[in-house]
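Hello,

Here is the structure I promised to pass on to you. Have a look at it first, and then read on for what turned up in it.

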Amino acid sequence: MNKVIVFLDCCYPEYVHLDPTLSLKLMQLNATGQSEEAHASISGSQFLKYVMQAFTSRANGGTCKDLDCKCGELLNGDFITLDDLRSYINTHIKSKSLTGILLHQQLHNINEKDIILCFNYKHPVKFEFTLAWLGSLELTVTACVFPEEFKDDFTQLKQLKHVLTSKFMGETI
Ligand SMILES: [Zn+2]
């Protein structure tokens with residue numbers, strides 16, 4: 001390992017100091033400044049939710065938790081860079097989906113190539129469900145669900161049942 005990537009969303013976040021003898025590369029992106037308090041909802045850090053959404057956007061079909069948001073169009077390259085992520089986060093700050101965020105970053109030993117955070121995985125990650133009526137193979141129906149459609153909690157099967165019912169029945173529940 002030679003690159004450390006840090007995301008902090010906490011009150012008064014400090015900049016990470018690495019041992020200079022290790023010659024590590026450092027990229028740090030904080031949701032607030034060192035003298036500012038963080039803002040979080042009862043469900044956790046909204047900042048980190050959008051960071052994770054950015055990293056999984058293409059695999060989730062480019063969807064956003066915000067209706068009518070076109071942020072998926074910002075992430076079309078083969079890689080996601082720190083600049084891409086900052087633009088993605090700032091888009092949601094401008095649309096007021098993210099509030100109380102003022103990005104601060106620290107870079108150490110970073111050159112142009114190092115600015116890449118990750119591959120932008122382009123193959124959709126989705127689950128396929130098949131509804132089959134007993135005794136009638138002709139009435140089999142298949143539907144695909146992206147994890148993003150589960151909303152914020154992947155452990156809630158109730159949400160999945162609503163999504164699947166809507167897809168199988170062709171109507172919004
Ligand atoms: Zn969005």
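Two residues are in contact if their C-beta atoms, placed from the backbone, lie within 7 Å. By that rule, four residues of domain 1 are in contact with four residues of domain 2. On the side of domain 1 that touches domain 2, the residues are four polar, no nonpolar and no charged (Ala, Val, Leu, Ile, Met, Phe, Trp, Tyr, Cys and Pro count as nonpolar, Asp, Glu, Lys and Arg as charged, and the others, Gly among them, as polar).

Some background: this is a predicted model, in which local features need pLDDT of at least 70 and side-chain atom pairs count only at pLDDT 80 or more, while totals for chains, interfaces and linings use all residues. Residues are numbered from 1 along each chain as its sequence is written.

The domain assignment, automatic or from a database, gives domain 1 as 3–119 and domain 2 as 127–169. Their C-alpha centres lie 32 Å apart.

Next, the helices (DSSP runs of H or I, at least four residues; strands are runs of E, at least two; both numbered from the N terminus). In helix α1 (residues 46–56), Q46, F47, Y50, Q53 and A54 are buried, meaning 20 or more other C-beta atoms within 10 Å of their own, with exposed at 12 or fewer and partly exposed in between. Seen down the axis of α1, these buried residues line one face, because they fall within an arc of 125° (taken from the directions from the helix axis to the C-beta atoms). Their cover includes β3 (79–81) and α2 (82–94).

Finally, S166 sits in helix α3 (residues 157–169). S166 is partly exposed because it has 14 C-beta neighbours inside 10 Å.

Best wishes
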